[in-house]
Amino acid sequence: MCIRDSSCSVSLKGIIIPPEVKTFFVEDFRLSALEAPADLNQRFGEALRNKIRNESRLTLKEIEPDIIFSGNVRSFRISPEAVSANTVAQLNRFEIVIDVTLEYTNKPEAGWKNKSYTFFKTFDSSLDFQNVQDNLTRELFDLFTEQIFNDAFSQW
């Protein structure tokens, strides 16, 4: 509800962004997962930028943005998931852990620090991970960006 001469929140597709928030920036995420591809953090940052650009009214701005996303790709690992009777893994689990900080430059109390997100996908252990890595990573990035976007801009 809006009262004349007062500010109102804007809601599109269930997202709520205060009217004074017009710009965002996604800093380059750190990469502390040693086993991850060297550009994983850059690809994740770009995925998050695209999600916010495509699904909100916010404009990307490097200098003095209203909100800033930053963080760290903390873990990137593959582990056996389903072991058969002969101790051979039937499935492998591919998991990424990312810590995210959201800062509102004019309202420090509105954001969060180092919120941890973990998503994984399982894949057949007979597949070469190098052949499925890009598709699995994209699928995980979709899950991460959706959840981060919802946490930042939705009131569930």
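Which residues does serine 79 touch, not counting residues up to four places away in sequence?

**View 1. Serine 79 and the residues it touches in the predicted model.** Serine 79 touches Leu91, Asn92 and Arg93, leaving out residues up to four places away in sequence. You will find serine 79 in strand 6. With a relative accessible area of 17%, serine 79 counts as buried, because the cut-off for buried is under 20%.

**View 2. Phenylalanine 76, a buried residue of strand 6.** Phenylalanine 76 has its place in strand 6, and its relative accessible area is 3%. Apart from neighbours within four places in sequence, phenylalanine 76 is in contact with Ala33, Glu35, Ala36, Pro37, Leu40, Phe94, Glu95, Ile96, Phe129 and Gln133. Take a look at proline 37 here: 39 residues separate it from phenylalanine 76 in sequence, while their C-alpha atoms lie 9.0 Å apart in space.

**View 3. Isoleucine 96 and its contacts.** Once neighbours within four places in sequence are set aside, isoleucine 96 is in contact with Leu40, Val73, Ser75, Phe76, Tyr117, Thr118, Phe119, Leu140, Phe141 and Phe144. Phe76, the residue of the previous view, is one of these contacts.

**View 4. The largest nonpolar core.** This core has 37 residues, and those with the most contacts inside it are Ile52, Ile67, Phe69, Ile96, Phe144 and Phe153. Two or more residues each come from strand 2 (15-17), strand 3 (23-26), helix 1 (40-55), strand 6 (67-83), strand 7 (89-104), strand 8 (112-124) and helix 2 (129-153). Helix 2 gives the most, with ten residues.

**View 5. Strand 3 and its partner, strand 5.** Thr23 and Phe25 point one way from strand 3, Phe24 and Val26 point the other way, and all are buried. In a regular strand, side chains alternate between the two faces of the sheet. Strand 3 pairs with strand 5 (residues 59-60) in the parallel sense over two bridges. Threonine 23 stands opposite threonine 59 of strand 5.

**View 6. The whole chain, for orientation.** Stepping back, you can pick out two helices and eight strands, which run β-β-β-β-α-β-β-β-β-α from the N terminus on. Of the 156 residues in the chain, 41% are buried. Among contacts between residues at least 6 apart in sequence, 67% join residues at least 24 apart. The accessible surface comes to about 9300 Å², and 49% of it belongs to carbon and sulfur atoms.

Conventions: Residues are numbered from 1 along each chain as its sequence is written. This is a predicted model: local features need pLDDT of at least 70, side-chain atom pairs count only at pLDDT 80 or more; totals for chains, interfaces and linings use all residues. Side-chain values use heavy atoms; hydrogens and water are left out. A nonpolar core is a set of buried Ala, Val, Leu, Ile, Met, Phe, Trp, Tyr and Cys residues joined through side-chain atoms within 4.5 Å. Buried means under 20% relative accessible area, exposed over 50%, partly exposed in between (1.4 Å probe, protein chains only). Helices (H or I, at least four residues) and strands (E, at least two) are DSSP runs, numbered from the N terminus. Contact means heavy atoms within 4.5 Å. Two strands pair if DSSP finds at least two bridges between them. Accessible areas come from the Shrake-Rupley method with a 1.4 Å probe; for residues, only the protein chains shown count as cover.
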